[in-house]
Amino acid sequence: MAPAAARTINDFLNDTKTDASDYDLILTGDLGFTGTELLHELLEIEYQRDIRAVHNDCGLMIFDLKTQDVNSGGSGCGCSASVLCSHVFKRMKKGELHRVLFIATGALMSPTSTKQGQPIPGIAHAVLLEK
């Protein structure tokens, strides 16, 4: 999912002629710790972009890797809905966040493909939230 998220973020920023610093928050669904590190690395190496100052990940915001055995995260759609509809929208309503780029990430899981040893394709959609 990190490669799909990196490509989506880069394409969105190119299309809108913006940079990471133009957003209060760039939020990914649930890449978890490993996926977040990979996202940052891919953006820097392949696209010469650094989003670390404004990026967070819903999975990392919900789970505590030190006290919970969640490995790389949980459910992307569950983490996204929980964080976006509670924490992020509240901060936007209070005026703390004005421009949020939300990158919904997910895996297109297929039991058949997995059993056949095929890769799991990732998908990412960009949604711009503005107050």
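## Sheet, helices and salt bridges

Ala107 stands opposite Gly122 in E4. This is a predicted model. Strand E4 covers residues 122-130, and Gly122 belongs to that strand. Nine bridges join E4 to strand E3 (residues 99-107), and the two run antiparallel.

Gly122 counts as partly exposed, because its relative accessibility is 33%. Leaving aside neighbours within four places in sequence, Gly122 is in contact with Met1, Ala4, Gly106 and Ala107. Pro3 is 119 residues from Gly122 along the chain, yet their C-alpha atoms are separated by 7.7 Å.

**The sheet**

Four strands make up an open sheet with mixed pairing, in the order E2-E1-E3-E4. Strands E2 (55-57) and E4 stand at the edges with a single partner strand each, so one side of each has no neighbour in the sheet. Neighbouring strands are turned against each other by 20° on average, direction ignored.

Two helices meet these strands. H1 lies across strand E1 (25-28), E3 and E4, and runs at about 40° to E4. Helix H2 (residues 32-47) packs on the sheet and touches E1 and E2. The direction of H2 makes about 155° with that of E2.

**Helix H1**

How does the span of H1 compare with what 1.5 Å a residue predicts? Its 15 residues should span 21 Å, and the end C-alpha atoms are 21 Å apart, which agrees. Lys17 follows H1 and has a positive phi, near 50°.

Buried residues of H1 include Ala2, Ala4, Ala5, Ala6, Thr8, Ile9, Phe12 and Leu13. Their cover includes E1, H2, E3 and E4. Asn10 is also found in H1 (residues 2-16). Asn10 counts as buried because its relative accessible area is 7%, under the 20% limit. Not counting residues up to four places away in sequence, Asn10 touches Leu43, Tyr47 and Arg49.

**Nonpolar cores**

In soluble globular proteins, nonpolar side chains tend to be buried together. The largest nonpolar core here has 19 residues. Ile9, Ile26, Leu39, Ile51 and Leu101 have the most contacts inside it. H1, H2 and E3 each supply at least two residues of this core. H1 gives the most, with seven residues.

Ile51 touches Ile9, Ala20, Ile26, Leu39, His40 and Leu43, not counting residues up to four places away in sequence. A second, separate core of 12 residues includes Cys58, Val88, Met92 and Leu97.

**Salt bridges**

Side chains of opposite charge can pair when their charged atoms come close. The model has four salt bridges. The table lists some of them.

| Pair | Closest N to O distance |
|---|---|
| Arg91 and Glu96 | 3.0 Å |
| Arg99 and Glu130 | 2.8 Å |

Which parts does the pair Arg99 and Glu130 tie together? Arg99 lies in strand E3 and Glu130 in strand E4, so the pair links parts that are 31 residues apart in sequence. Arg99 is partly exposed at 23% relative accessibility, whereas Glu130 is exposed at 52%.

The Asp19 and Arg49 pair joins two loops. Asp19 lies in the loop between H1 and E1, and Arg49 in the loop between H2 and E2, so parts 30 residues apart in sequence are tied together. Asp19 is partly exposed at 38% relative accessibility, whereas Arg49 is buried at 12%. Arg49 is also one of the residues that Asn10 touches.

In the remaining tabulated pair, Arg91 is partly exposed at 29% relative accessibility. Glu96 is partly exposed at 42%.

Methods. Residues numbered from 1 in each chain as written. Predicted model: local features only at pLDDT ≥ 70, side-chain atom pairs only at ≥ 80, totals over all residues. Heavy atoms only, no water. Buried < 20%, exposed > 50% of the residue type's maximum accessible area, 1.4 Å probe, protein only. Contact = heavy atoms within 4.5 Å. Pairing = 2+ DSSP bridges. Axes fitted to C-alpha atoms, helices over the stretch in contact; angles between N-to-C directions. Core = buried A, V, L, I, M, F, W, Y, C linked by side-chain atoms within 4.5 Å. Expected span 1.5 Å × (residues − 1). Salt bridge = Lys/Arg side-chain N within 4 Å of Asp/Glu carboxyl O.
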